[in-house]
Amino acid sequence: MILKLAALASALLVAEAEEAQTRSPPVGFGDFRLGDDFTAVIRTAKPSTLNSYSLAICERDMAITGCLLGPSSREAPAYVRDAIPYTYTFSFNKLGKLTDIAITFRREGKITGNQCLNILSTTVDWASSDFGELRRRGLPSKETEDSDRLIKLTTREGRSFWKTKTDKDGNFLSEFLFSNADSWLKRVANGKEELYSPTAYTSILASYIVVNSKPYCDVSLTIADADTIERRDMNPYDE
């Protein structure tokens, strides 16, 4: 009987791991869904969490270039997870459809590099739990190739992530992690070969930069629609 229970428990663990690896692409975050209309997003979001200036720019330029709706400068958190305050940034295409949601922790001053890494580690853990395991593309061969440039670290829950070696000023950058790292395809764009995702995906990137002795920590988790979906124009005249 004990052996049967142990075998059943083992099978359940394997099934859970397989489910995490093959989980369906994300369709949104919280009350927001990829493909939502601009009006639906601003109706759902808390007004105190939105930047009024970028809201006005969105209303002015949506049909011309699409827009980026940023967070309030008052640092009002839009979402709190594991005691970490995050803000939202929404990207819309020219049809007024939501294509990307960035969930970001940002701190200027009074934060160390290790504290910034702890924020990244915690974010990797809960995002992997919610959206499927976040991994690098190109492993395991890439891990060996980048050993002189990158340091491999482990989250509290045992997941791997990578960052550049800290320079003399304390700066570092994490490597991108993706929720469907093994399912990207290749295409040629502007004469160059690139990878793209045919389905929605999750990615995460972090940076720690020190400017004039003032540190800046930025940890950003992005829920993105398929790369085949039209995005906002990167207009050189963006304000």
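Which hand does the link of C116 and C217 have, right or left? With 80 degrees about the S-S bond, that link is right-handed. Before going further, two notes on what you are looking at. This is a predicted model, where local features need pLDDT of at least 70 and side-chain atom pairs count only at pLDDT 80 or more, while totals for chains, interfaces and linings use all residues. Residues are numbered from 1 along each chain as its sequence is written, and side-chain values use heavy atoms, with hydrogens and water left out.

## The chain at a glance

The protein chain has five helices and 14 strands. Here helices (H or I, at least four residues) and strands (E, at least two) are DSSP runs, numbered from the N terminus. Of the 239 residues in the chain, 44% are buried. Buried stands for under 20% relative accessible area, exposed for over 50%, and partly exposed for anything in between (1.4 Å probe, protein chains only).

Now take contacts (heavy atoms within 4.5 Å). Among those in the protein chain between residues at least 6 apart in sequence, 59% join residues at least 24 apart.

## Two disulfides

Back to the cysteines. A disulfide is a pair of cysteine sulfur atoms within 2.5 Å, and by this rule the count comes to two. In the pair C116 and C217, the sulfur atoms sit 2.1 Å apart. This pair links distant parts of the chain: C116 is in helix α4 (residues 113–131) and C217 is in strand β14 (residues 214–224), 101 residues apart. Both C116 and C217 are buried.

The other disulfide joins C58 and C67, with 2.0 Å between their sulfur atoms. Its torsion about the S-S bond is about 95 degrees, so this disulfide is right-handed. C58 and C67 are both buried too. Number the bonded cysteines of the protein chain in sequence order and the pairing reads 1-2, 3-4.

## Charged partners

Side chains of opposite charge can pair when their charged atoms come close. For a salt bridge, the cut-off is a side-chain nitrogen of Lys or Arg within 4 Å of a carboxyl oxygen of Asp or Glu. How many salt bridges does a search of the whole structure find? It finds 17. One of them pairs D218 with R106, the closest N and O atoms being 2.6 Å apart. D218 lies in strand β14 and R106 in strand β6 (residues 98–108), so the pair ties together parts that are 112 residues apart in sequence. D218 counts as buried because its relative accessible area is 19%, whereas R106, at 47%, is partly exposed.

E175 and R136 also meet in a salt bridge (3.4 Å, N to O). E175 is in the loop between β9 and β10 and R136 in the loop between α4 and α5, so this pair ties together parts that are 39 residues apart in sequence. Both residues are buried, E175 with a relative accessible area of 15%. The two side chains are also joined by a polar contact of 3.4 Å. That term means a pair of N or O atoms within 3.5 Å; within protein, one must be able to donate a hydrogen and the other to accept it, and residues adjacent in sequence count only if both atoms are side-chain atoms.

K186 and E193 form a salt bridge as well, with 3.9 Å between the closest N and O atoms, and both of these residues are exposed. Finally, D125, E133, E157 and R159 are linked in a network of salt bridges.

## The nonpolar cores

In soluble globular proteins, nonpolar side chains tend to be buried together. A nonpolar core is a set of buried Ala, Val, Leu, Ile, Met, Phe, Trp, Tyr and Cys residues joined through side-chain atoms within 4.5 Å. The largest one here has 45 residues, and those with the most contacts inside it are F29, F90, F92, I101, I103 and V219. Its largest share, eight residues, comes from α4.

What does I103 touch, not counting residues up to four places away in sequence? Its neighbors are F29, Y79, Y86, T87, Y88, V219, S220, L221 and I223. A second, separate core has five residues, including F178, A181, Y201 and A224.
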